[in-house]
Amino acid sequence: RILDVTGVPQRAGRPTEGLEHLERILREAAGASEVVLLVPPIEAPASPSQGRPWAELLKKSVCGGAVQWVCQTMPTAYERWIKRDYDWKKVARVMWIEDRDTGEIPWEL
């Protein structure tokens, strides 16, 4: 089963609340069999010095091997955090599916 949790509300004034909710979802999915989560994207903050709590939470969840998920990531976020990270390289499979000529997902998908 694929479960879409990309619509989990993020409150502007309380970002940690949304993160805690997503962490609970990841833990619950780890206990279920044959579940793949479609999770919110990994976005690069405006400043490179800003933290990346969502990316770190996802990495922690997948490194444990108990949960599977699919998400988008901005090329900037990939270059900044994922590309050179040994832990990500061990557990993640990165696929570029955007048609760079049109800026859209190819019709085949």
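Modeller: A salt bridge is a side-chain nitrogen of Lys or Arg within 4 Å of a carboxyl oxygen of Asp or Glu. This is a predicted model, in which local features need pLDDT of at least 70 and side-chain atom pairs count only at pLDDT 80 or more, while totals for chains, interfaces and linings use all residues. Residues are numbered from 1 along each chain as its sequence is written, and side-chain values use heavy atoms, with hydrogens and water left out.

Colleague: Which residue forms a salt bridge with Glu79?

Modeller: Side chains of opposite charge can pair when their charged atoms come close. For Glu79, the closest N and O atoms of the pair are 3.4 Å apart. The partner is Lys83.

Colleague: Is Lys60 buried or exposed?

Modeller: Buried means under 20% relative accessible area, exposed over 50%, and partly exposed in between (1.4 Å probe, protein chains only). Lys60 has a relative accessible area of 57%, so Lys60 is exposed.

Colleague: How many residues apart in sequence are the parts that Lys60 and Glu23 tie together?

Modeller: Lys60 and Glu23 form a salt bridge, with 3.6 Å between the closest N and O atoms. Lys60 lies in helix α2 and Glu23 in helix α1 (residues 15–30), so the parts tied together are apart in sequence by 37 residues. Helices are DSSP runs of H or I, at least four residues long, numbered from the N terminus.

Colleague: What is the N to O distance between Asp87 and Lys90?

Modeller: Asp87 and Lys90 are three residues apart in helix α4 (residues 86–91), so about one helical turn separates them. Their side chains meet in a salt bridge, N to O, at 3.8 Å.

Note on methods
Helices (H or I, at least four residues) and strands (E, at least two) are DSSP runs, numbered from the N terminus.
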